[in-house]
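Here's a quick look at how this chain is put together. Have the viewer open as you read.

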Amino acid sequence: MLRDDQWERIEHMLPGKASDRGVTAKDNRLFVEAVLWIARTGAPWRDLPDAFGRWHTVYMRYNRWSKKGVWQQVIDTLADDPDMEQLMIDGSIVKVHQHGAAKKKRLRAPKPWGNRVGD
């Protein structure tokens with residue numbers, strides 16, 4: 001979930017502040033936490049815990065923010081603060097030690113039928 005310092009960096013850019021025109025958001029932080037829960041678990045929206053509110057309401061708000069580009073701003077703001085929780089390692093940066101590599105079995109060529117004794 002969001003740390004307090006991360007929240008302080010993004011809360012001013014989120015729609016629904018008291019200074020914004022229109023409806024004031026009830027709890028932007030709870031909403032952002034709900035979206036992070038969905039992203040972290042990979043669960044469908046319908047499985048969102050009740051503590052975050054109605055799943056459909058959360059989804060509709062998420063969709064509106066996506067169309068406005070709010071999520072991209074949030075990602076751009078938080079991207080310069082890597083927390084090293086998720087790293088991707090693949091074969092382009094890590095090689096197997098020589099003793100860890102699987103040994104290949106060499107197939108012998110089949111003996112020709114004409115070389116048997118008695119032919």
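## Overall layout

Starting at the N terminus, the elements of the protein chain go α-α-α-α. That makes four helices and zero strands, where helices (H or I, at least four residues) and strands (E, at least two) are DSSP runs numbered from the N terminus. This is a predicted model, where local features need pLDDT of at least 70, side-chain atom pairs count only at pLDDT 80 or more, and totals for chains, interfaces and linings use all residues. Residues are numbered from 1 along each chain as its sequence is written, and side-chain values use heavy atoms, with hydrogens and water left out.

Of the 119 residues in the protein chain, 23% count as buried (under 20% relative accessible area, 1.4 Å probe, protein chains only).

## Helix 2 against helix 3

Helix 2 (residues 28-41) packs on helix 3 (residues 55-68) at about 90 degrees, with the axes 11 Å apart; axes are lines fitted to C-alpha atoms over the stretch in contact, and angles run from 0 to 180 degrees between N-to-C directions. The two are therefore roughly perpendicular (65 to 115 degrees). Helix 2 brings Asn28, Phe31, Val32, Ala34 and Val35 to the contact, and helix 3 brings Val58, Arg61, Tyr62 and Trp65 (contact means heavy atoms within 4.5 Å).

## Helix 4's buried side

Which residues of helix 4 (residues 70-78) are buried? They're Val70, Trp71, Val74 and Leu78. These cover an arc of only 95 degrees around the axis, so they sit on the same side of helix 4; the arc is that of the directions from the helix axis to the C-beta atoms. Their cover includes helix 1 (4-10), helix 2 and helix 3.

Key
Parallel < 35°, antiparallel > 145°, perpendicular 65-115°, else oblique. Buried < 20%, exposed > 50% of the residue type's maximum accessible area, 1.4 Å probe, protein only.
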